[in-house]
Amino acid sequence: MDATKIRYQKTRIAHWDRVSLIKERPNRAGTFYHSLLQHYYQFLVPPGLRVLELGCGHGDLLACLKPAFGVGVDFSGEMIRVASKKHPSLVFIQADSHEIEFREKFDVIIISDLVNDL
């Protein structure tokens with residue numbers, strides 16, 4: 001991996017670690033947006049499926065879908081730490097979505113808030 005890519009990754013991880021602290025505030029900007037996303041995804045994704053969410057943040061969207069098997073992936077170790085604590089029945093992995101590979105099959109893959117950062 002070249003030095004530029006490593007520097008970029010470290011910068012993005014540090015950014016999302018800082019955002020993780022802000023996301024814990026109950027009255028933060030974006031709270032309504034995230035609850036609206038949960039509402040729409042619950043309409044589109046029935047409970048009991050195998051769900052992968054790339055860019056899972058604190059795992060709230062994944063958890064609200066009530067998957068039979070749920071895996072969340074995020075770049076930020078801080079996001080994964082909070083997600084694992086909030087939603088212990090789900091699996092959370094700190095990884096770069098560009099580089100992770102799965103052997104498992106999923107019914108649904110969510111990239112809700114990841115596209116902007118890719």
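Tutor: Rings of Phe, Tyr and Trp (its six-membered ring) pair if their centres lie within 6.5 Å; planes under 30 degrees apart count as stacked, over 60 as edge-to-face and the rest as tilted. Keep in mind that this is a predicted model, where local features need pLDDT of at least 70, side-chain atom pairs count only at pLDDT 80 or more, and totals for chains, interfaces and linings use all residues. Residues are numbered from 1 along each chain as its sequence is written, and side-chain values use heavy atoms, with hydrogens and water left out.

Student: Why is the pair F69 and F106 called stacked?

Tutor: Check the centres, then the planes. The ring centres are 6.1 Å apart, and the limit is 6.5 Å. The planes meet at 10°, and stacked needs under 30 degrees. So the pair is stacked.

Student: Where in the chain do F69 and F106 sit?

Tutor: F69 is in strand β2, and F106 is in the loop between β3 (91–94) and β4 (108–110). They are 37 residues apart, so the pair links distant parts of the chain. Strands here are DSSP runs (E, at least two residues), as are helices (H or I, at least four), numbered from the N terminus.

Student: What makes F102 and F106 edge-to-face?

Tutor: Their centres are 5.6 Å apart, with 85° between the planes. Edge-to-face asks for over 60. F69, F102 and F106 form one aromatic cluster.

Student: How do you know whether F106 is buried or exposed?

Tutor: Buried means under 20% relative accessible area, exposed over 50%, partly exposed in between (1.4 Å probe, protein chains only). F106 has 16%, so F106 is buried. F69 has 26%, so F69 is partly exposed. F102, at 28%, is partly exposed too.

Student: Why is S76 called buried?

Tutor: Its relative accessible area is 0%, so S76 counts as buried. S76 lies in the loop between β2 (69–74) and α4 (77–86).

Student: What makes the pair S76 and D17 a polar contact?

Tutor: A polar contact is a pair of N or O atoms within 3.5 Å; within protein, one must be able to donate a hydrogen and the other to accept it, and residues adjacent in sequence count only if both atoms are side-chain atoms. The side chains of S76 and D17 come to 2.4 Å. The S76 side chain also reaches the backbone nitrogen of E78 at 3.3 Å.

Student: Which residues does S76 touch, not counting those up to four places away in sequence?

Tutor: S76 touches W16, D17 and Q94. Contact means heavy atoms within 4.5 Å.
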